[in-house]
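Me: I have a model open here and would like to go through it with you piece by piece. Could you keep the cut-offs in view as we go?

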Amino acid sequence: MSKNMGFKDSPLGLIPDDWDIVNLGDVASSSISNSFVDGPFGSNLKTSEYTEKGVRIIQLQNIGDGYWNDDNKKYISTTKFEQLKRHVAYPNDIAIAKMAEPLARACLIPDIDDKYVVVADCIKLTPNLDEYNLNYLVNTINYSYFRQQAEKKGTGTTRLRINLSVLKTILVIKPPRKEQEKIAEILDKVDSAIALTEALIKKLKQIKAGLLQDLLTRGLDDNGELRNPDTHPEQFKDSPLGKIPISWEVVTIENIIHKVVGGGTPSRFINSYWDGNIPWASVKDFTDDKKFLEDTEEHISSDGLFKSTSNLIESNTLIICTRMAVGRVAITTKSIAINQDLKALYLQSNIHVTFLFYALKFIRYKIESVSIGSTVKGINVEHLLKIYMNLPPLNEQEKIAKILDTQEKAIEKEEQYLKKLKQKKQGLMQDLLTGKVRVNHL
């Protein structure tokens, strides 16, 4: 028996015998006028015509990869809307982006407003609902086989774009309507779990930001509770940085540093300098959410290290970016070489490295405020060392760091779960949207 029994060849590969291939243009409703339109030319809708209220417009920023982003809100007057009625969109129409990133991403238009108008770089699709399930369509438009076609047919060197007439020719896999519903139902459940997890992560990060503020200004009393300057003013004193706990000090970063070590870059023209296994860190290895510097994008050899100004930094050392991403910090987990845009801070014995990691994140705005440069920002070490900060006793530093670490681990746990959910969805899309697994078998 053929392993392909029940399947047929198509321009998109093997699909089930009872599935079809159609152009996206065929998906649009034929009973509704202007069911597949893009926005007006820029000259017909200028930013100067945007208003504070009226009819909401749909911009590229609103179109997420399968979700609506409501952060950017712009409107036009009802008078202007009458001139642009051809470009009207309604809740449960599909919005598609004509420009990257990523190209041709799509989302359902929500019922936040009763009507909208798409702008020049956006497209509105009103599907034939007798033939197509909305959520199935959004998922299949955002799936790889569709996006690859869009990117292949897109134009532009720096930013890909696709026009409406070309988008209409992109092929779409069309299962029977009831099977579309079942596929959408399964994917929607995963989307709901993803949305709930993302909301939880956002909430946990808000809690962490609040904890950071409270712990690094009020600290913990002997019972491990946050000190309260309103109910226990006797536990606080005045300082150059405002009221702080009596046992705390105000210090400069210079006061808590034993030494500062810089780095350098081996010659790019000598290949043997770049074929070793010594991790070599640069600004691109740092992110706002990264706590530990465990490995690096590039590695150098022993010759590269010794024949350059780069330095090998010990594990459990705090590294700070002094150029470009000024003020980003991370803690090394092993010996790592660094380049000239980074500085290693070796601490006095009364400083807990994890506490200082959080403290520097908390005062990053101060570090950025004394950076210099118009296009590429940087900070001189002398200026960095003169910045003031609050300093609790060592035992309280350890307690504060432990609480913040616990919150960090809770966030990491949810982020790992979110990653698994997204991988699960990709696997389901691969199986369900191509007919590899039929929903009536699930």
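Me: What covers the buried residues of α3?
Reply: The cover over the buried residues of α3 includes α2 (134-141), α4 (164-167) and β13 (171-174), where contact means heavy atoms within 4.5 Å. This is a predicted model, in which local features need pLDDT of at least 70 and side-chain atom pairs count only at pLDDT 80 or more, while totals for chains, interfaces and linings use all residues. Residues are numbered from 1 along each chain as its sequence is written, and side-chain values use heavy atoms, with hydrogens and water left out.

Me: And which residues of α3 are buried?
Reply: In α3, which spans residues 144-153, the buried ones are Y145, F146, R147, Q149 and A150. Buried means under 20% relative accessible area, exposed means over 50%, and partly exposed lies in between, with a 1.4 Å probe and protein chains only. Helices (H or I, at least four residues) and strands (E, at least two) are DSSP runs numbered from the N terminus.

Me: How many residues of helix α8 are buried?
Reply: Eight of the ten residues in α8 (residues 353-362) are buried, so this helix is largely enclosed by the rest of the structure. The buried residues are V353, T354, F355, L356, F357, Y358, A359 and L360.

Me: Switching to strands, in what order do the five strands of the open sheet come?
Reply: The order is β17-β25-β22-β23-β19, and the pairing in this open sheet is mixed; two strands pair if DSSP finds at least two bridges between them. β17 and β19 (292-293) stand at the edges with a single partner strand each, so one side of each is left without a neighbour in the sheet.

Me: What about β25, is it enclosed or open to the outside?
Reply: Five of the six residues of β25 (residues 342-347) are buried, so the strand is largely enclosed by the rest of the structure. Strand β17 (residues 257-261) pairs with β25 in the antiparallel sense over four bridges, and β22 (residues 318-321) also pairs with β25 in the antiparallel sense over four bridges.

Me: Which residue of β25 stands opposite V260?
Reply: V260 stands opposite L345, and L345 is also the bridge partner of L318. V261, in turn, stands opposite A344 in β25.

Me: Now the loops: where does Q59 lie, and what does it touch?
Reply: Q59 lies in the loop between β6 (55-58) and β7 (75-76), and it is buried, with a relative accessible area of 8%. Leaving aside residues up to four places away in sequence, Q59 touches Y50, N72, K74, V119 and C122.

Me: Last topic, the whole chain: how many helices and strands does the protein have?
Reply: The protein has eleven helices and 26 strands. Its radius of gyration is 28 Å, well over the 22 Å that the globule rule gives for 442 residues, so the protein is more spread out than a compact globule; the radius is taken over C-alpha atoms, and the rule is 2.2 Å times the number of residues to the power 0.38. Buried residues make up 47% of the 442 residues, and the C-alpha atoms fill a box of roughly 75 × 60 × 45 Å along the principal axes.
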